[in-house]
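Here is a short note for a colleague meeting this structure for the first time. Please read the points with the model open.

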Amino acid sequence: MAGSFEIESRYAAPLAECAHCGHMLPQGLGEKECVICGAVCRVSHQPTIDNLTDETLPCPHCNTVVVAGTDERPTELTCSACTGKFTLTPKILKVEIDCPGCERQLRIRPKPGTRELKCPACESKFNVTF
Ligand SMILES: [Zn+2]
Ligand SMILES: [Zn+2]
Ligand SMILES: [Zn+2]
């Protein structure tokens, strides 16, 4: 029996902004609480929900194509052919930030609020706010 498999989903909702303060909301769909101002916003994106529900992927145990059938992520799926289980995890969105000290682009995972980044190339530190 194989261990647990985790597969990253191919689809993710676009990053949404708080309707009240314009800062980034936590990634995902449904009710999200803005960490900056505390407002609760409903994030809905029908094309993403359709893509997530219809997402197909090969079973990591036997390669049979499995349909996700839900827009929930993470979700545990069971292959109908081999009854193997695996977990479909949320896609991690990354954004590119230009370092103000050099031209290098940093790929980071956006999180709401302000955080300090350190450029690996020129070692300058700077703050980003989403
Ligand atoms: Zn807000
Ligand atoms: Zn299988
Ligand atoms: Zn730099």
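1. A definition comes before the details. Two strands count as paired if DSSP finds at least two bridges between them. Strands here are DSSP runs of E, at least two residues, numbered from the N terminus. Note also that this is a predicted model.

2. Strand β8 covers residues 95-98 and strand β9 covers residues 105-108. They pair in the antiparallel sense, over four bridges.

3. Now the domains. The protein splits into domain 1, residues 6-89, and domain 2, residues 95-129. How far apart do the C-alpha centres of domain 1 and domain 2 lie? The distance is 27 Å.

4. Next, the open sheet. It has three strands, in the order β1-β7-β6. The pairing is mixed. β1 (6-8) and β6 (75-78) are the edge strands, and each pairs on one side only. From one strand to the next, the twist averages 35 degrees.

5. Look at β1 and β7 together. Strand β7 takes in residues 85-89. β1 and β7 run parallel and are joined by three bridges. Which residue in β7 is the bridge partner of Ile7? That partner is Leu88.

6. Strands of a sheet pair through backbone hydrogen bonds, either parallel or antiparallel.

Conventions: Residues are numbered from 1 along each chain as its sequence is written. Chains are lettered from A and ligands numbered from 1 in the order in which they are written. This is a predicted model: local features need pLDDT of at least 70, side-chain atom pairs count only at pLDDT 80 or more; totals for chains, interfaces and linings use all residues. Domain bounds come from an automatic or database domain assignment. Axes are lines fitted to C-alpha atoms, for helices over the stretch in contact, and angles run from 0 to 180 degrees between N-to-C directions.
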